[in-house]
Amino acid sequence: MTIQDAPLQHNHPDSVPPALEKTVVKSWKAPIAFGIFSIIAILLFVVFGREGVSGFRLSTDSDFVQIPTIEAPTRATGIVLTVLLVALAAYSAFLVSRNRPVRLWITVVFALLFLVAFLTWAAAGATIPVPGLLVGAVGLSVPLVFGALGGVISERVGVVNVAIEGQLLAGAFVSAVVASVTGQAVLGLISAMAAGVLVSFVLAAFSIKYFVDQVIVGVVLNVLVTGLTSFLYSQVLTKNTDLLNNSATIRLPRLPIPGLSEIPILGPVLFRQTIIVYILYVAVAVVFFALFKTRWGLRLRAVGEHPQAADTVGINVARTRFWNVSLAGAIAGLGGAYFTMGSVGSFNKEMTAGAGFIALAAVIFGRWDPIRATLAALLFGFASNLQSVLSIIGSPVPSEFMLMLPYLVTIFAVAGVVGRVRGPAASGKAYIKS
Amino acid sequence: MPCAGVSTRVTLGNVRNHTALRSAFIAGQSLEDILSKTIRRAAMGGIATLGFAALLAGCASAPAETGSTDAAASNALPCMVSDAGGFDDKSFNQAGFEGLNDAAKKLGVEPVTVQSDSETAFAPNISSLVDQNCTLIVTVGFALADATKAAAEANSDIEFAIIDDASITADNVKPITFDTAGAAFLAGYAAADYSKSGIVATWGGMNFPTVTIFMDGFAQGVKYYNEQKSKDVKVLGYDLDNPDSATFTGGFEANDVAKTTAQNFIDQGADILLPVGGPIYQSAGVAIQESGKDIAMVGVDSDLYESDPTYKDLYLTSILKGIKTATDTVVTDAAAGDFSSEPYVGTLENDGVGMASFHDFESKVNPSLQGEIDDLKAKIVSGDVKVSSYLSK
């Protein structure tokens, strides 16, 4: 799970003698990757280009400002964009040959151009609803982001959190039942956090107090929560749906933010959401700030990197770990509430369907950083929904291949952009005070 | 089996009928199964204790002499294995389970049922039922075909029936299949007639023949409607010329993925939705309610208007698949000694499949539509209109 034996990086200025000569490592990774994608672009968009007109609908029916649908001739647009892609690839190769680094913006622009070219190609003779595509992408990402935030906090403090799936599922189940019985959305959300905390308590107790292998405890917790919620669903919830699993009372309304929700494209995507999504925006910012700018964050990271050192200066390692793992559970539990209260409205057996494991992957792909992990989760959500939209507008690609798309995109993104990752040094290791 | 193996192999909670109490060996069942089953039947603690006592006693007495004393009503012991969906899936497992229970009630016997939690549990579950001296073992779902075939070859004296699979030809196996394409054809015709936007949509959970047969029939029905009425109603999510590119959610969970898929279809202007695959229709219902648009849904397997009234104002109609009735019939016949390996195929003709009524939509659909549907059904039964499917090529 973590790369514990990663070589020390030479980033300690006082441990390195004054540099006599500046060495520049030439990395051809970016130009090679751009080159491969340029070849794909030439083949797909030019050689095997599709005829027709590609439409991009930018407004929803309920928008205040209506933007007309953009219509672009498929093949011509593909050729223009491919030329740009090839130019960018050549430019990056030029930069590397002159020992200059390939900046991040080049990668971003290249990726965006390729995406637009691909969408144009795929949408030949059809129209892609851009707001719908993005709304769905955000919707699919929300539980992943919550789970990833929980994972980041937990791993930064030194406890590997494989139980994200269980925390999500517990949150989904408990919030549905509580919201259904009480009719109070707030109670539903609080109980979801409590459920996540309960799962975390078990993880924390076993891994911190009894030094049980953290991964094993996490896996067992996932199985336990899956079994328990499925059992209760079959035996209790299905027998009394109106009282315990009533989607009419569980589901939260969408709360459009006045003004902001009328911004074209962004409005429907970001500001016509349920309260859970707005909490998410705040949570990402708060976790990022707190982790890197506050005393709490510094102590948390110290415990995760070098518990012995933290202990020496008077930080209670066990207590810090325990409460932060619990906090991680609360955040992941809130993500679980999104499945029931924020999205579908009723609990279903195993409804998280592996989202917790994708969130765990997002933690690692995001290099244990809340913002990067969020972006990784968004990328996965986008790829998932793109797959769905493309399949619907009549892509000629077989459906089994399409269903692989989100995973393929994530793997490519990780291999190409993220590179080598190094987790918190003490993550996964029990701290035994000597 | 030697008594030494008892302590590790037995599942207390699994014993459901009195005849089986003496031979509560569950050979080769996975630990996970045992755990889950034990939990599931935690409420039946009393019986479990009894079972344990009987098991201890079973070491002394020979487990072979079963069914002699408490064969109250019938010597038949019908049994059933679910696929990974479980008996509460609101879909074919549940329908089969209900059919089995109905038949068993009439026969006055207590059926033995085992849920499979994963594919690896199929073969062990069947063999454990063999050990329980079942006379008829119904396996639910084509996923169990291999396991059923192997068990049927090894136990020629036991009768088997498999739901949704026609691949096995053996003297002691009765395949029960449903040519739902015919019923879906009718629903497709009705949907095309009702659609105002001229766009209808269908998608599945996963690419299984029992899923795509609905989508296939539905698309054929729309195509037939277009030919008859010179219209151009489009089907999204399933292309008759390229069925491999059909849309699937990738699973049978009613979650945000299923909901987003429905939303994407709504964004494309579809106003009739046919989600095929267990509970995923629930997510579609939420997506429709959220869209605030005038969109209807077609139910699958049972008349969802009756069985899940949560979204009853959204159901244009439902495509019916008579698993419950067929299972009931097969179990009852087998108990009466009328078992045959001749496949049962549910069709429009024998009412094994059908289309539900329009319920709340009765006043909204074209007044002549029900008549046209009835005519069309007669034509399909007589063979004037051909509906193709993997069962009737």
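This is a predicted model: local features need pLDDT of at least 70, side-chain atom pairs count only at pLDDT 80 or more; totals for chains, interfaces and linings use all residues.
Reader: Where is the place of Thr310(B)?

Author: Thr310(B) sits in the loop that lies between α11 (304-307) and β10 (315-321) of chain B.

Reader: Which residues does Thr310(B) touch, not counting residues up to four places away in sequence?

Author: Thr310(B) touches Ser247(A) and Gly285(B).

Reader: How many residues of chain B are in contact with chain A?

Author: On chain B, 34 residues are in contact with 34 residues of chain A. Two or more residues on the chain B side are contributed by each of α2 (31-40), α9 (256-267) and α10 (280-291) of chain B. The most come from α9(B), which gives 9 residues. By class, this side of chain B has 9 nonpolar, 17 polar and 8 charged residues.

Reader: What does the secondary structure of chain B come to?

Author: Chain B has 13 helices and 12 strands. Of its 393 residues, 54% count as buried. If one takes the contacts in chain B between residues at least 6 apart in sequence, 71% of them join residues at least 24 apart.

Reader: Into which domains is chain B divided?

Author: Domain 1 covers 7-178, and domain 2 covers 181-321 + 357-382. Contact between them involves 9 residues of domain 1 and 7 residues of domain 2 of chain B. The domain 1 side of this contact has 4 nonpolar, 2 polar and 3 charged residues.

Reader: In what order do the 6 strands of the open sheet in chain B stand?

Author: The general idea is that strands of a sheet pair through backbone hydrogen bonds, either parallel or antiparallel. In chain B the order is β2-β1-β3-β4-β5-β11, and the pairing is parallel. The edges are held by β2 (112-114) and β11 (344-346) of chain B; each has a single partner strand, so one side of each has no neighbour in the sheet. From one strand to the next, the twist averages 15°.

Reader: How many bridges join β4 and β5 of chain B?

Author: Strand β4 (residues 159-163) and strand β5 (residues 173-178) of chain B run parallel and are joined by 4 bridges. In one of the pairings to inspect, Ile162(B) has Pro175(B) of β5(B) as its bridge partner.

Reader: Which strands of chain B does helix α4 lie across?

Author: Helix α4 (residues 92-107) of chain B lies across β1 (78-81), β2, β3 (136-140) and β4 of chain B. Relative to β1(B), this helix runs at about 170°.

Reader: What pairing has the open sheet of 3 strands in chain A?

Author: Its pairing is mixed, and the strand order is β2-β1-β3. The edge strands, β2 (70-73) and β3 (127-129) of chain A, each pair on one side only. Neighbouring strands of this sheet are turned by 20° against each other on average, direction ignored. Between strand β1 (residues 53-57) of chain A and β2(A) there are 4 bridges, and these two strands run antiparallel. Val53(A) stands opposite Pro73(A) in β2(A). Helix α2 (residues 74-97) of chain A lies across β1 and β2 of chain A, at about 80° to β2(A).

Reader: At what angle do α11 and α16 of chain A pack?

Author: The general idea is that two packed helices are described by the angle between their axes and the distance between the axes. Helix α11 (residues 275-293) and helix α16 (residues 370-392) of chain A pack at about 150°, with axes 9 Å apart. Val284(A), Val287(A), Phe288(A) and Leu291(A) of α11(A) make this contact with Pro370(A), Ile371(A) and Thr374(A) of α16(A). By class, the contact has 6 nonpolar, 1 polar and no charged residues.

Reader: Why are α11(A) and α12(A) described as roughly perpendicular to each other?

Author: The axes of α11(A) and helix α12 (residues 295-305) of chain A cross at roughly 70° and come within 5 Å. Angles of 65 to 115 degrees count as roughly perpendicular, and therefore α11(A) and α12(A) are described in that way. The residues in contact are Ala290(A), Leu291(A), Phe292(A) and Lys293(A) of α11(A), with Trp296(A), Gly297(A) and Leu300(A) of α12(A). Their classes come to 5 nonpolar, 1 polar and 1 charged.

Technical notes:
Residues are numbered from 1 along each chain as its sequence is written. Chains are lettered from A and ligands numbered from 1 in the order in which they are written. Domain bounds come from an automatic or database domain assignment. Two residues are in contact if their C-beta atoms, placed from the backbone, lie within 7 Å. Ala, Val, Leu, Ile, Met, Phe, Trp, Tyr, Cys and Pro count as nonpolar, Asp, Glu, Lys and Arg as charged, and the others, Gly among them, as polar. Two strands pair if DSSP finds at least two bridges between them. Axes are lines fitted to C-alpha atoms, for helices over the stretch in contact, and angles run from 0 to 180 degrees between N-to-C directions. A residue is buried if 20 or more other C-beta atoms lie within 10 Å of its own, exposed if 12 or fewer, and partly exposed in between; C-beta atoms are placed from the backbone. Angles under 35 degrees count as roughly parallel, over 145 as roughly antiparallel, 65 to 115 as roughly perpendicular and the rest as oblique.
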